[in-house]
Amino acid sequence: MADLRSDFIGIKSPNPFWLASAPPTDKEYNVRRAFQAGWGGVVWKTLGSEGPPVVNVNGPRYGVIHGNDRRVLGLNNIELITDRPLEVNLREIKQVKRDYPDRALVISLMVPCDEDSWRRILSQIEDTGADGVELNFGCPHGMSERGMGSAVGQVPDYIEMVTRWVKQYSRMPCIVKLTPNITDICKPAEAARRGGADAVSLINTINSITSVDLDLFAPQPTIDGKGAHGGYCGPAVKPIALSMVSEIARGADTRGLPISGIGGITTWRDAAEFMALGAGNVQVCTAAMTYGFKVVQDMISGLRDYLDSHEMGLPDLIGRAVPNVTDWRYLNLNYVTKAVIDQDACIKCGRCYAACEDTSHQAIAMKPGRIFEVIEEECVACNLCVDVCPVEDCITMRELEPGELDRRTGIRRADYANWTTHPNNPMAKAAE
Amino acid sequence: MSQARLSPGIVPGRLAPEDLALNFRDIAPPLTAHEAQVAADRCYFCHDAPCITACPTAIDIPLFIRQIATGTPDAAAMTIFHANILGGMCARVCPTENLCEGACVRMEAEGRPVEIGALQRHATDGLMARPGHPFRRGAPTGRRIAVVGAGPAGLSCAHRLAAKGHEVVIFEARDKPGGLNEYGIASYKTVDGFAQAEIEWLLGIGGITIETGKALGRDLTLEGLTADYDAVFLAIGLGATNALRTGDEGIGNVGDAVDFIAELRQAADLAGLAVGRDVVVIGGGMTAIDAAVQSKLLGAENVTMVYRRGQDRMTASRHEQDHASASGVRIIHNAAPVAIHGDGAVAEVEFCYTEDSPEGLVMTDQRFRLKADQLFRAIGQRLDEAPGSPALEGGKIAVTGPGRTSLDKVWAGGDCAAGGDDLTVTAVAQGRDAAEDIHLSLSP
Ligand SMILES: Cc1cc2nc3c(=O)[nH]c(=O)nc-3n(C[C@H](O)[C@H](O)[C@H](O)COP(=O)(O)OP(=O)(O)OC[C@H]3O[C@@H](n4cnc5c(N)ncnc54)[C@H](O)[C@@H]3O)c2cc1C
Ligand SMILES: Cc1cc2nc3c(=O)[nH]c(=O)nc-3n(C[C@H](O)[C@H](O)[C@H](O)COP(=O)(O)O)c2cc1C
Ligand code: SF4
Ligand code: SF4
Ligand code: SF4
């Protein structure tokens with residue numbers, strides 16, 4: 001059976017599934033129950049400086065995007081960092097770590113952007129026994145208005161500066177948590193690396209307004225008739241997070257920097273995808289907030305089954321898809337596929353037809369008796385039909401054999417060739 | 001246990017009032033808002049959806065379900081009513097497993113269709129509960145149209161004509177309008193006086209008058225109507241019933257299922273309604289099922305439905321048959337009545353087993369008898385006789401296109417007209433289409 005034990009920048013945990021810094025890791029009671037449920041580690045809810053704790057709104061904190069059956073697809077929040085006193089958090093962290101020495105316990109931090117504040121907090125957490133720190137440069141609401149969170153994460157120079165202080169005043173492994181609210185995710189990752197970060201974690205939440213109350217004319221969640229943008233997370237953000245993780249994994253100046261993958265991870269499959277794109281471990285928030293701590297059990301059994309069936313160990317998975325992430329210009333333009341409809345599986349809903357006929361290439365024929373057939377002469381292989389078909393694997397894409405005629409273009413399938421050498425490309429180099 | 005429960009003969013009050021109330025409660029209670037949301041989420045919004053094709057009134061089902069899913073059930077109801085003004089009744093009585101739901105692609109996918117009928121009821125109930133009526137009468141045209149029969153066909157035709165601005169008078173032979181909605185449909189499908197409430201709501205459009213107690217052929221003539229009105233729509237249903245070949249006239253406690261059902265539908269107190277201890281129903285259609293099931297629900301101890309052909313030939317849907325079986329009705333196939341025994345009143349019915357053969361039904365020499373103190377005939381209804389003699393086809397009024405009869409200015413639709421199944425929804429479709437055709441013919 002696959003060994004799921006994980007070693008992330010020297011922090012050991014029985015599996016690579018950590019809870020992200022958020023309400024699930026807000027206090028001792030939660031974290032103990034999370035560990036009992038099987039989570040490999042937690043990043044404690046972000047701590048601030050000592051003194052009066054931050055205050056949260058007392059109205060609703062969340063907005064939501066639902067799919068069918070009110071399935072939570074996206075969650076938006078306007079919560080701040082921990083609103084509990086620093087001493088209480090520190091005491092609890094120490095007690096939990098003492099009782100769960102085999103689990104990873106990382107402390108998330110966010111204090112004002114000056115050297116003193118950082119030196120002070122680092123000395124205060126020194127004897128908790130925690131395994132590392134995560135710098136929250138990502139929170140996009142509230143704290144950012146006070147010059148913290150994403151206000152730091154959006155300025156690479158600040159990231160580098162703070163990371164340097166942290167490495168100077170603490171011996172703990174340091175993870176820098178990145179905000180996705182920037183244009184090029186490699187820039188803050190490079191800054192973190194320059195400052196001496198041991199790893200980056202991403203993504204934190206995305207600036208968002210999930211919905212507008214059409215009677216109050218205010219964003220939701222609505223606090224006394226007004227709303228502010230919040231941070232978006234949950235399954236809907238996974239594609240954005242995956243892309244950003246892959247950019248760092250293959251970036252010229254970021255390659256090799258350990259990554260803790262976060263963003264919309266709900267099942268073992270999501271986790272495996274993050275790891276294949278280079279994440280050394282993963283962190284989860286919304287899935288736990290939606291279904292409770294027990295979701296980790298499916299993540300563990302699922303990842304184990306997957307690794308076993310592929311005869312892989314965890315290290316074999318990490319980064320395995322990175323070499324296959326490339327730029328568009330290197331994609332093989334001579335790779336030709338055609339949609340094929342499995343008539344036995346087809347339930348005759350006609351969605352493929354509507355999609356192709358109305359919005360694509362008129363490559364599906366609707367015949368008497370609601371028989372839907374692909375017209376190979378028209379099919380450009382966009383696979384929109386595959387995506388809209390309600391029956392899994394009912395429509396598949398068949399790859400043309402080498403030399404086989406593409407009935408749309410009248411050209412036989414040729415060997416690999418990409419845009420860089422394509423005759424229509426004014427910048428094309430002559431093919432070697 | 002009430003005293004009368006096992007009394008022989010035809011007696012009232014076999015069950016206690018609370019048991020009767022329980023037995024005759026709404027068979028398919030309305031969906032809650034949550035259930036409706038979950039059910040609506042299952043619709044795939046099919047292209048050129050097969051469910052629409054399967055609905056005789058061609059309601060845009062994916063559209064109305066999407067309107068429910070997006071939180072606008074009133075808009076959904078309007079989508080339904082534009083195609084089918086009796087969408088409320090149809091939602092309750094349509095044999096959906098043979099119609100829209102039977103064609104739903106989810107049947108193919110997982111054998112469980114989108115609950116179209118229940119969703120239709122969800123939407124229509126909501127809008128009908130609001131004050132007023134959502135359609136407006138068109139600007140008066142000065143044209144007057146006579147509709148004969150206030151069943152679903154007549155009502156649907158009248159509403160569409162009123163929407164076009166015509167003035168409509170409905171002549172109805174009975175004391176109450178509604179046709180079989182009021183006198184026929186099983187009572188647990190349309191509880192709480194829904195049939196009359198729906199008619200009152202429908203009349204909210206204005207421009208329609210109903211004259212009850214006026215029968216064509218008795219109080220009115222077709223010649224008179226065609227002379228007085230710009231057009232006539234015949235929607236008189238099927239008034240007469242078929243008789244048994246055994247010769248059942250004059251034998252006590254033998255009657256028509258439709259009469260028993262009508263009496264049941266009109267009963268102010270079900271505890272006062274008499275029913276036999278051993279009831280036999282002959283027939284294989286919806287009427288036979290309804291008579292059998294409701295006899296059982298009234299407290300009959302043994303109810304047997306006997307159909308002369310095989311199960312696959314029964315016109316009652318599989319769902320209806322299962323409902324009868326689940327209610328405790330025994331269904332015997334391939335047996336035909338040959339004699340009724342009894343002294344003055346029925347005591348036993350004698351049957352002969354039959355076999356379906358290429359030459360038709362053949363009697364075998366196997367016979368059996370069923371104990372019966374009440375016998376119902378449910379072997380089909382037919383047209384009384386077409387007043388004013390339009391041409392007939394297969395015993396019904398012959399029509400071409402949207403209900404045109406052989407007579408000038410006379411249209412027909414619903415059960416009395418040839419073509420289409422004898423269903424409420426088909427009657428609604430035919431009434432609506434005839435109205436459009438009448439309107440066209442009257443337009444300059
Ligand atoms: C017991 C039973 C159960 C049924 N259950 C269902 C069901 O569950 N689902 C379903 O879809 N269908 C069902 N049906 C069929 C459905 O009720 C009919 O198909 C439908 O009512 C036909 O409508 P209609 O308007 O043509 O006729 P009807 O509903 O029969 O209406 C005809 C009207 O015309 C009146 N009339 C008749 N003669 C004259 C005259 N000479 N002058 C003036 N008025 C006259 C009658 O009094 C009646 O009001 C059932 C039928 C029966 C008998
Ligand atoms: C209510 C809420 C509060 C959060 N608070 C913090 C926080 O204090 N510190 C932090 O670094 N991230 C915080 N996050 C972000 C999560 O840690 C995580 O990065 C984000 O939710 C994406 O992961 P997910 O899609 O699994 O939820 C918070 C998220 C939510 C929903
Ligand atoms: S979308 Fe899929 S199931 Fe629907 S008609 Fe097309 S191939 Fe068949
Ligand atoms: S009217 Fe009847 S057949 Fe038509 S959609 Fe409604 S329930 Fe189905
Ligand atoms: S066939 Fe079923 S899934 Fe398709 S539109 Fe109709 S109700 Fe929806």
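**Ground rules.** This is a predicted model, where local features need pLDDT of at least 70, side-chain atom pairs count only at pLDDT 80 or more, and totals for chains, interfaces and linings use all residues. Residues are numbered from 1 along each chain as its sequence is written, chains are lettered from A and ligands numbered from 1 in the order in which they are written, and side-chain values use heavy atoms, with hydrogens and water left out.

**Ligand 1, who is around.** I looked up its neighbours (a residue is near if one of its heavy atoms lies within 4 Å). I got 35 residues, and the closest are B:Val93, B:Glu172, B:Lys189, B:Leu216 and B:Asp415. By class, 19 are nonpolar, nine polar and seven charged. For the classes, Ala, Val, Leu, Ile, Met, Phe, Trp, Tyr, Cys and Pro count as nonpolar, Asp, Glu, Lys and Arg as charged, and the others, Gly among them, as polar.

**Ligand 1, backbone atoms.** Next I checked distances from its oxygen atoms to polar backbone atoms. I found 2.9 Å for B:Leu180, 3.4 Å for B:Ala235 and 3.3 Å for B:Asp422. On its own, ligand 1 has 990 Å² of accessible area, and the protein covers 93% of that (Shrake-Rupley method, 1.4 Å probe).

**Ligand 1, which elements?** Which helix gives the largest share of the shell? It is α15(B), with three residues. Helices here are DSSP runs (H or I, at least four residues), and strands are E runs of at least two, numbered from the N terminus. Domain 2 (144-239 + 383-442) and domain 3 (241-377) of chain B each give at least three residues to the shell; domain bounds come from an automatic or database assignment.

**Helix α16(B).** In residues 318-326, the buried ones are B:Glu320, B:Gln321 and B:Ala324 (buried is under 20% relative accessible area, exposed over 50%, partly exposed in between, with a 1.4 Å probe and protein chains only). Down the axis they fall within an arc of 100°, so they line one face of the helix; the arc uses directions from the axis to the C-beta atoms. The face turned away carries the exposed B:Arg318, B:His319 and B:Ala326.

**Chain A domains.** Chain A splits into domain 1 (6-324) and domain 2 (328-421). Taken over C-alpha atoms, their centres are 40 Å apart.

Definitions and conventions: A polar contact is a pair of N or O atoms within 3.5 Å; within protein, one must be able to donate a hydrogen and the other to accept it, and residues adjacent in sequence count only if both atoms are side-chain atoms.
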